[in-house]
Amino acid sequence: RANVRKITTSSQALDGLLGGGIETRTMTEFFGEFGSGKTQICHQVSVNVQLPPEKGGLSGKAVYIDTEGTFRWERIEAMAKAQGIDPDSAMSNIYYMRAINTDHQIAIGDDLQELINKDPAIKVVIVDSVTSHFRAEYVGRENLAVRQQKLNKHLHQLVRLAEVYELAVIVTNQVMSRPDMFYGDPTVAVGGHTLYHTPGIRVQVKKSRGNRRIARMVDAPHLPEGEVVFAITEEGIRD
Ligand code: GTP
Ligand code: MG
C-alpha cells in the first residue's frame, strides 16, 4: 500500500499490533468499554503526530472533534512535556472542536475539507466518540435504520478524507463487552455494534489490572490478529 505513514502511540507493543503505528490513509477505530483508554490514546496521538518522523511523528497537526466533553488541555500539556515538546506549541497545533449533537458533528465533518486545504499540516483527524450522539439521539428500534444511515454517511466521509488527504483518521466507539464476549464475537456487543461495515482497522481495548490495558486487533485486512498489553501512565500511553 503506497504512501502509508505511521504515527507512534508511545507504546511499542501497541505500535507493533498496528503494524508500526496509526496509519495514514486509513480510519482506525478504537472500541471498548468505559475507561479502557480510548480517549487517552486520542490525546496521545494528537501530541505524537507533532513529533518529527525520526521520533515516530509526521511533524503535523491534529484535529480533535470531541463529542463527549472529555478532552483535557492539561493532559496534552503533560504528554507534550514528557515527549520534549513545548506544551504551548503542542496545544496550538491541535484544532479542538466540540460537537454538541449529530447535526453539529456532521456539519464539522462537512467543513473539514476546507480546513485541511487551508492547513495541509493536518495529519490526523480524531473523533472521540464517533457514535455517542447518534446513540443518544436515535433511540429505539424504529430509529435504528436512519441512525445507521446517517452514521455510515459520516464515517464514509471520514474514510474519503483519509484517502484523499493522506492523513490518519481515528474514531472511538464505546461498546460494552460482557466477559464471555471478549473472546467471542466482538462485533456485536451490549450497547451497540462496532463500525463493522466501514473499511479500516478495528482495535478493541479492554481494562486489565491497574493501569494496564489490553488491545486486540480485529479482522484487519493486512495485519495479523493478536493482542498486546499497554499502560496508561502520568506521562501518557506507555508499554
Ligand atoms: P469512555 O470514554 O468512558 O468510554 O472511556 P475511555 O475508553 O475513553 O477511557 P479513557 O481514555 O478516558 O481512560 C480513562 C482512564 O485513563 C482512567 O481510568 C485512568 O486510569 C486513565 N487516566 C486518565 N487521565 C489520566 C491522568 O491524567 N493520569 C493517569 N495516570 N491516568 C489517567
Ligand atoms: Mg472516552
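Modeller: Let us begin with burial: a residue is buried under 20% relative accessible area, exposed over 50%, and partly exposed in between, with a 1.4 Å probe and protein chains only. Helices (H or I, at least four residues) and strands (E, at least two) are DSSP runs, numbered from the N terminus. By these terms α2 is mostly covered, with 11 of its 11 residues buried. Among them are K38, T39, Q40 and I41. Please note that this is a predicted model, in which local features need pLDDT of at least 70 and side-chain atom pairs count only at pLDDT 80 or more, whereas totals for chains, interfaces and linings use all residues. Residues are numbered from 1 along each chain as its sequence is written, chains are lettered from A and ligands numbered from 1 in the order in which they are written, and side-chain values use heavy atoms, with hydrogens and water left out.

Colleague: Which residues come nearest to ligand 1?

Modeller: A residue is near a molecule if one of its heavy atoms lies within 4 Å of it. There are 15 residues around ligand 1, and G35, K38, T39, Q40 and Q174 come nearest. Classed by type (Ala, Val, Leu, Ile, Met, Phe, Trp, Tyr, Cys and Pro as nonpolar; Asp, Glu, Lys and Arg as charged; the others, Gly among them, as polar), the shell divides into 2 nonpolar, 7 polar and 6 charged residues.

Colleague: Where does the largest share of that shell come from?

Modeller: It comes from α2, which gives 3 residues.

Colleague: How far is an oxygen atom of ligand 1 from an N or O atom in the side chain of T39?

Modeller: The general idea is the polar contact, a pair of N or O atoms within 3.5 Å; within protein, one must be able to donate a hydrogen and the other to accept it, and residues adjacent in sequence count only if both atoms are side-chain atoms. For the side chain of T39 the distance is 2.7 Å. A backbone N or O atom of S36 lies 3.2 Å from a ligand 1 oxygen, and for the side chain of R213 the value is 3.5 Å. Accessible areas come from the Shrake-Rupley method with a 1.4 Å probe, and for residues only the protein chains shown count as cover. On its own ligand 1 has 660 Å² of accessible area, of which the protein covers 67%.

Colleague: How many aromatic pairs does the structure hold?

Modeller: A pair of aromatic rings is described by the distance of the centres and the angle of the planes. Rings of Phe, Tyr and Trp (its six-membered ring) pair if their centres lie within 6.5 Å; planes under 30 degrees apart count as stacked, over 60 as edge-to-face and the rest as tilted. The structure holds 4 such pairs. F71 and W73 form an edge-to-face pair because their ring centres are 4.8 Å apart and their planes stand at 85°. F71 is buried, at 6% relative accessibility, while W73 is partly exposed at 30%. Ring pairs link Y64, F71, W73 and Y96 into a cluster.

Colleague: What is the backbone feature that joins D128 and S129?

Modeller: D128 and S129 are joined by a cis peptide bond, with omega about -5°. S129 is found in the loop between β6 and α6. Another backbone feature is a positive phi in a residue other than glycine, as in R25, near 65°. R25 lies in the loop between β2 and β3.
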